[in-house]
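Visitor: I would like to go through some salt bridges and the labels attached to them. Please show me the protein.

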Amino acid sequence: MAHLRSRRRLALAVPVVLSLTASLGFLPSAASAAPSTTTTATAQTAEGPELAYVVNTRTDHHTITSVQKAIAAAGGSIVVTYDKIGVIVVHSANPDFAKTLRAVRGVQSAGATRTAPLTAAGTTDEGAAQYLTKAEAAKITARSTASGEEPLEADQWDLRAIGADKAAKINPGSRDVTVAVIDTGVDDTHPDLAPNFSASQSANCVGGKADTSYGAWRPAVPEHYHGTHVAGEIAAARNGIGVAGVAPNVKVAGIKVADPVSELFYPESVVCAFVFAADHGVEVTNNSYYVDPWLYNCMDDPDQRAIVDAVNRAQLYAQRKGTLNLASAGNSNDDLDSHALVDDSSPDDSTAVTRTVDPHECFDVPTQLPGVVTVSATGVTNAKSYYSSYGDGVIDIAAPGGDKYKIPDTPSKNGRILSTMPNNQYGFLQGTSMASPHAAGVAALLKSTHPWATPAQLQALLKAQADNPGCPTDPYDGNGDGVVDATCVGGKRVNGFYGFGIVNALRAVK
């Protein structure tokens, strides 16, 4: 599971705010980005391993038609064309395909979206999730029942930390609001998710083209539990069965983008997901991952630049259609406002190389894209989680993501986040992957309270209702080993650990 903010690491992730429109050129607006799927014939060219590509063009019909012909001439087979944002997904075995297309009139960027051929890859261990046993569940249920809560809610310290338990009594969220979980898939048969699941806004976008056949959005195997856990944090129903979500009455959708074998989130799949969410009326998306195969996409590399361009066009399209996008900050405990970070994990679909990158010039996608809300993680004491990346001017808000070193007064004494898992199970995970859905749930409550708010207004409301602890007065030692692990820069109102502060669900509904 190489790119989850929760794994990649275990429910762990990385980001930075920038304006990409100038560097990437004009990114077109449009009323609909519904794709066409005409496949062009493949010309005779040099043969190499078949790779996937994104070709980004101007959006007029003449240019797209001309580029499609050039793709065929260069030995490319079109998977899907998103006409309104000028993104064409292509497969080709021509080793010179991207170079050839970059020289075509009307092409603004083109590049490979992976470094390995289109063949099955081995799975990557994310680290062990901690499943809840029947005995543990019984212990939690006894305490929850005495408090009049959901059966497992006594272990959900995270809900109480942001006032979500009290908020649910005032406004549990509107049925007119949907949060789409762009992830490994969502098990909508889980009894805590089924009441709020929106099948009509769900799809499988793996490969770049949406499959809306029934159940296509579900995880390929139960071990791909990440998206189901995220969905429960957002919108598990208060139905007397298990856990509760931050916004237990809003709808939740699943848009699967994870490769069924490797669990990698390739760019063409994420492009499809943002466009699908926008065109199906989704108000909020949660993105607890980074786009593979590069942890950071450097703009001086033509392939990585094309990835940034394609995904940015799609997420900006979603914003223009009224969708607020949130993403996790990452689990590397990196200062994302620094000028030199070591990336030794990219590319993660072949042989990684160690490189030093400047996150102001090499971007974590989609986290660092303009208008995306970047979320850092906190534990039960409201301190920054030991793993959470941070950065002054980068982090927008913070939310509970769990911290195994900070032990809550709960039946399980577990500082991680308890939520839904496939096959009617429950389990604990920690990471900025878990922080982002808490913030997405609060965003859904804000949208429920302010139904006409635009994505920009929702982001402003998220920041306005947040509680900021301010930078810690003592040196930050996240794991308690006596070594200073991070330095917080900024003031009480805005700083590198918390952005504008920790989300507050109760304040959101008031």
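Visitor: What makes the contact between Arg58 and Asp60 a salt bridge?

Guide: First, the ground rules. This is a predicted model, where local features need pLDDT of at least 70, side-chain atom pairs count only at pLDDT 80 or more, and totals for chains, interfaces and linings use all residues. Residues are numbered from 1 along each chain as its sequence is written, and side-chain values use heavy atoms, with hydrogens and water left out. Now the rule: a salt bridge needs a side-chain nitrogen of Lys or Arg within 4 Å of a carboxyl oxygen of Asp or Glu. The side chains of Arg58 and Asp60 meet at 3.8 Å, N to O. That value is within 4 Å, so the pair qualifies.

Visitor: Why is Arg58 called partly exposed?

Guide: Buried means under 20% relative accessible area, exposed means over 50%, and partly exposed is in between (1.4 Å probe, protein chains only). Arg58 has 38% relative accessibility, so the label is partly exposed. Asp60, at 33%, counts as partly exposed too.

Visitor: How do you know that Asp343 and Arg355 form a salt bridge?

Guide: Their closest N and O atoms are 3.1 Å apart. The cut-off is 4 Å, so the pair passes.

Visitor: What does this pair tie together?

Guide: Asp343 lies in strand β12 (residues 341-346) and Arg355 in strand β13 (residues 353-357), so the bridge joins parts 12 residues apart in sequence. Strands here are DSSP runs of E, at least two residues; helices are runs of H or I, at least four; both are numbered from the N terminus.

Visitor: Are Asp343 and Arg355 buried or exposed?

Guide: Asp343 is at 0% relative accessibility, so it is buried. Arg355 is at 16%, which also counts as buried.

Visitor: What makes Asp396 and Lys463 a salt bridge?

Guide: The closest N and O atoms of Asp396 and Lys463 are 3.5 Å apart. Asp396 sits in the loop between β15 (373-378) and β16 (397-400), and Lys463 in helix α11 (residues 455-464), so the pair links parts 67 residues apart in sequence. Asp396 is buried, with a relative accessible area of 7%. Lys463, at 21%, counts as partly exposed.

Visitor: How many salt bridges does the rule give?

Guide: The count comes to 12.

Visitor: How many helices and strands are there, and what share of the residues is buried?

Guide: The protein has 12 helices and 18 strands. Of its 510 residues, 62% are buried.
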